[in-house]
Structure formats: C-alpha cells, structure tokens
Amino acid sequence: MKLLRDTSLIFNRQMQLLLRNPVWIFVGVFQPVMYLLLFAPLLKPALQVNSNAEAYEIFVPGLLVLLAIFGGLFQGFGLIAELRAGVIERSRVTPVSRLALLLGRSLRDVVSLIAQAVIITLLALVFDLRVFLPNLLLAYLMLALISLMTSAVSYGVALVVKSEDALAPLMNTVAQPVLLLSGILLPLTFAPGWLQGIADWNPFSWAVNGTRALFRGDLGSADVWQGLLIMAVLAVAAVAWAAREFARSVR
Amino acid sequence: MIETRGLRKSFISRQGRDKKTVEAVRGVDLEVAEGEIFGFLGPNGAGKTTTLRMLATLIEPDGGTATIAGADLLADPGEVRRRIGYVAQGGSTWDDSTAREELVLQARLYGIGKADALRRAERVLEGFQLSEYADRKCKTYSGGQRRRVDIALGIIHEPKVVFLDEPTTGLDPQSRAHMWDEIRRLRAEGMTVFITTHYLDEADALCDRISIMDNGEIVASGTPAGLKREISGDVVRVGLPVDAVAAAAQALTSYKLETYEDNVRLYVEDGAVAIPQILRALDAASVPLGTIELHRPSLDDVFLTKTGRSLREN
C-alpha cells in the first residue's frame with residue numbers, strides 16, 4: 001500500500017512537471033516521423049514486398065522499439081539534474097519507499113513513450129498500415145516493458161556515474177550495437193548466419209521479432225510470448241537493481 | 001536528543017592510480033540536549049558535513065553508535081528519518097516547481113494526508129514569510145527566499161530534531177540575520193536544532209552549545225562563553241601597517257603570538273600588565289604602532305589554542 005501511494009506521489013509530480021513543458025512530445029515524435037516519411041518509402045523496393053502496408057508492418061514495430069530503447073536510455077540525464085538540485089537527497093531523508101522513487105519516474109517515462117507510440121501509429125495508419133487492436137495493445141505492453149527496463153537502467157547508471165559527461169558516451173556505446181543487432185531498421189532475415197547467431201543473444205532482437213509478429217497479426221507466433229517474457233524478466237531485474245542504487249548510501 | 005559514541009567514517013579517494021583512504025570522521029562523541037541550538041564549528045573539510053550526513057541516515061557510519069530522538073541510527077534508520085528533518089547545504093528546490101508544490105509533496109512523502117499537507121504548507125509559508133511567492137516557480141526566488149524554502153521543507157513534518165548544514169553560507173548580511181531569527185524561532189517552537197557552520201560569529205551569537213571539529217575529531221565542546229572562559233588571560237590585538245607586521249612579530253617573540261595581515265594577537269596572562277611591556281618592546285624595535293586593543297578571547301582563539309591554527313585562515 002505504502003509502495004503504491006509513494007509511487008503515485010512521485011509519478012504525479014513527475015507527470016505534472018512533464019506536462020508543464022509539453023515540448024518534449026514534439027521533440028520525441030519528430031525523429032520517428034522523419035523516418036516514417038523519408039526512410040520508409042525506400043522499404044517497399046528494398047524489402048521486395050508487394051505494398052506499402054506490408055513494408056510498414058515490418059518497419060513501424062522496429063521504429064517503435066527503437067524509440068522505447070533510446071527514449072529510456074537517456075532518461076538518466078533528468079535524474080542527474082535532480083541530483084544536482086538536491087531533490088533526490090531531499091527525498092532520501094524522508095521515509096519514502098526507495099522503489100517508489102524509481103518506479104514513479106520510470107512509469108512517467110513509460111506513459112510518455114506510449115503517448116509518442118500512439119501518435120506514430122496513428123500517422124502510420126494514414127500510410128495504409130492496418131493492425132488489429134488487441135494485437136496493438138500487446139505490442140504497447142512490449143514497448144512499456146522495454147521502456148521500463150531501459151529507463152531503470154539509465155537511472156541506475158546515472159546514480160552511479162553522477163555526471164552527464166560520463167552518461168552520454170556510456171549510453172551511446174551501449175545503444176549502438178544493441179540497435180544494429182536487433183534488426184530494428186531492416187529485419188535480420190537478410191543477415192548472414194554468423195550475424196544472426198550474435199543477434200540471437202540480443203534480447204531486443206527477440207522484442208523486435210515479437211512486436212513484428214503482433215503487427216503482422218500473428219498472435220500465435222512463439223516470438224510474441226518469448227519476446228514479452230524476456231522483456232518482463234529483464235525489466236524486473238533492471239528495476240530491482242536501480243531501486244537498490246536509490247537506496248544505497250551515496251556520497 | 002542526540003547522542004553519539006565513536007562515530008567513524010572513511011572514504012577511499014582515487015587520484016589517478018593512487019587509492020587513498022581518507023578518514024573523514026574519526027570517532028565523534030556528541031551529546032545534544034532537547035530544545036537547544038547546537039553548533040558544529042570547524043573549517044571546511046573538517047568532517048562536519050560527513051558527520052551530519054551520517055546522522056541524517058544519508059551515509060552509513062563505518063563504526064560507532066548513535067541515538068537520535070530516541071531511535072537507533074544503525075538498527076532503525078527508517079524511524080530516525082521519521083523523527084528528523086535535514087536541510088542540505090546545496091539547497092533542494094526544483095527550478096520549475098513552486099514552493100507550495102514542493103512543500104505539499106515533501107509533507108506527503110512523510111505519510112501526511114493531502115488536506116493536512118496543504119494546511120501545513122500554508123502555515124510554514126506564512127511562518128517563513130513566503131506566502132507572496134508561494135505559487136511562483138522556485139527559479140524566480142532570491143538566494144535568501146530559496147534558503148527559507150529549503151528550511152521550510154526540512155521542518156514541514158514537525159520533526160523533533162532538524163539538521164541544517166551551513167544554513168547561512170552565501171547569504172548577504174541582512175538575509176543572514178533574518179535566517180538567525182528563523183532558526184531561533186524553530187527552537188522556540190520546541191525543536192532541537194543542529195547546525196554546522198564555519199562562521200565564528202554565527203556559532204557565538206546563535207548557538208547554545210557548540211562542538212569544535214578539526215580534522216575529523218572534536219577538539220572542544222561547551223557553551224561559547226564557557227569555552228572562551230577556559231582560555232585563561234587576555235588577548236592583546238596590535239594593529240600595524242601591513243609592512244610592519246613581520247618586524248613586530250620579531251620584536252615580540254617572547255609572547256605567544258599569532259600574525260595576521262595587518263595585526264598581531266598576543267595571548268597574555270594579564271592585559272594590564274602586558275600592554276606597557278609590549279609598547280616598550282615595539283618602541284625599542286622602532287616598529288610604528290597603529291592601534292592597540294585588549295579583549296577577551298574569541299572562539300577563534302579557542303580554536304587556535306586547541307589546534308595551533310587559526311580558523312580565519314580558511
């Protein structure tokens with residue numbers, strides 16, 4: 001009960017501050033929309049598919065996963081600003097749940113991600129993408145788990161390194177191979193065997209496959225539950241670790 | 001209200017490849033009585049903030065014990081958190097929030113209900129004369145206003161003990177005086193106030209009792225008046241032209257003496273006897289004399305006799 005109450009207190013404050021400055025939503029949506037408009041038209045010939053709709057079925061899920069990974073990984077910057085302002089220390093001297101300090105923030109990140117995902121999905125509908133609503137909701141659950149995990153990791157790392165100068169290169173270094181090895185931009189079906197072998201070890205590649213299956217309307221595919229399960233386990237692990245960092249004594 | 005025994009903390013500091021263990025706090029014993037303003041005086045880097053952060057549950061001690069407001073620091077830090085307030089040196093407000101929002105949230109983090117939190121916020125805003133700015137964003141506040149919000153945040157839940165880390169550092173003289181009044185008001189409301197400071201005048205004017213800390217250890221404890229009384233004798237301050245300070249120190253080597261930029265201070269048994277002798281010695285050495293004053297020892301003199309250094313040099 002206390003955890004729920006504390007989490008909602010932190011979440012409400014974070015949402016309030018986020019909505020006070022809604023420019024984030026345009027910034028967050030701008031890049032994906034550019035991909036949608038300027039990159040996606042190349043896909044129909046490149047992927048050798050018959051229609052735009054088919055190309056979007058492959059591309060849009062990847063784009064959304066990309067957004068979830070990157071959006072989450074860079075949330076730590078806001079936390080460093082809060083550390084510097086003394087807000088975190090002020091919270092840590094109160095009896096508030098340490099897990100709530102993390103969850104309140106990560107859930108805000110999930111909500112803002114889903115808001116962006118909805119806008120992008122709506123735009124893709126204009127380009128003839130069609131997706132069955134229950135499948136879409138499951139895909140959003142996948143995105144929520146990804147963003148919960150990546151934002152928790154980002155917060156945990158931010159609490160350890162405590163400086164933007166260290167966080168930025170660290171997150172970029174992690175994100176780039178993760179991105180390339182997940183078949184986000186082009187499906188790895190085109191990849192040579194060795195590359196696929198490595199990609200199988202990348203959990204995000206499973207998430208992308210699962211999300212694509214959902215957009216394809218293939219709810220029964222093993223990719224779906226495997227992707228969801230892997231993301232759920234990793235999200236729990238990331239949250240547990242980052243919450244411990246919130247509880248730990250810091251100088 | 002606060003009792004500590006042998007509180008210790010060391011840190012590992014890395015400089016390039018070298019790892020060094022820095023003993024920041026080396027065995028601190030403290031006793032703070034209910035309802036007093038207790039001052040922790042010492043130069044920067046003495047270990048004051050580290051001690052305070054241990055008492056506020058922010059860092060774990062390496063050794064020792066502490067009881068704060070009846071709760072055991074090591075066994076039950078959660079209970080300590082409920083009973084204390086803590087105001088960090090660097091401030092704690094978020095630029096885009098308003099003072100009222102911050103206060104209500106802070107109260108609620110202590111488990112206080114929404115309606116009660118709003119009432120309390122209103123009350124402390126009035127108490128700290130912040131009502132006028134309560135709904136403006138914190139980034140628009142002056143340094144003094146921001147500091148008052150910080151303290152209001154630290155006491156919104158009416159703790160038994162409030163820790164204030166360097167509460168007046170960086171404030172102009174008028175805001176400082178104002179802050180002293182606020183701190184006295186907290187005492188009048190029944191709180192025990194624990195402050196750290198490196199200002200001598202602040203410790204002297206504001207605190208009921210002080211401990212002087214240097215290099216991780218407490219070197220003296222008592223009331224400001226009592227500590228000063230412990231130093232027997234008088235202080236003679238001889239004001240001089242800047243270029244004559246060295247010559248004066250040379251001429252007065254037989255006295256216990258401390259040199260400053262434009263004066264020297266001598267610690268003597270009896271000022272009335274010493275002053276004519278000092279004048280003669282300076283005259284014999286043809287040192288031009290500016291002023292000569294006789295005064296009772298200050299807290300700086302206490303620090304000097306305990307550590308061999310002056311606090312003012314920091």
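Two strands are taken as paired if DSSP finds at least two bridges between them. In the predicted model, this criterion applies to strand β12 (residues 256-259) of chain B and strand β13 (residues 263-268) of chain B, which run antiparallel and are joined by four bridges. Within this pair, B:K256 stands opposite B:Y267 in β13(B).

Chain B is divided into domain 1 (2-93 + 141-228) and domain 2 (233-296). A distance of 37 Å separates the C-alpha centres of domain 1 of chain B and domain 2 of chain B.

The largest pocket has a volume of about 1000 Å³. Its lining comprises 35 residues, of which A:L18, A:W24, A:G71, A:F74 and A:Q75 are the closest to the centre. At least two lining residues are supplied by each of α1 (2-20), α2 (23-39), α4 (52-73), α5 (76-85), α7 (98-126) and α8 (133-161) of chain A, and α4(A) gives the most, with seven residues. By class, the lining of the largest pocket has 17 nonpolar, eleven polar and seven charged residues.

For the second largest pocket, the volume is about 460 Å³. Among the 21 residues that line the second largest pocket, A:P187, A:L188, A:T189, A:N209 and A:R212 are the closest to its centre. Two or more lining residues come from each of α4, α10 (193-199), α11 (203-216) and α12 (222-247) of chain A; α11(A) provides the largest share, five residues. The lining of the second largest pocket has eight nonpolar, seven polar and six charged residues.

How values were computed:
Residues numbered from 1 in each chain as written. Chains lettered and ligands numbered in written order. Predicted model: local features only at pLDDT ≥ 70, side-chain atom pairs only at ≥ 80, totals over all residues. Heavy atoms only, no water. Domains from an automatic or database assignment. 1 Å grid on protein atoms, 1.4 Å probe; cavity = no way out; pocket = protein on both sides within 12 Å on 5 of 7 lines; lining within 4 Å. Points joined across faces, edges and corners; volume = space filled by probe spheres on them. Nonpolar A, V, L, I, M, F, W, Y, C, P; charged D, E, K, R; others polar.
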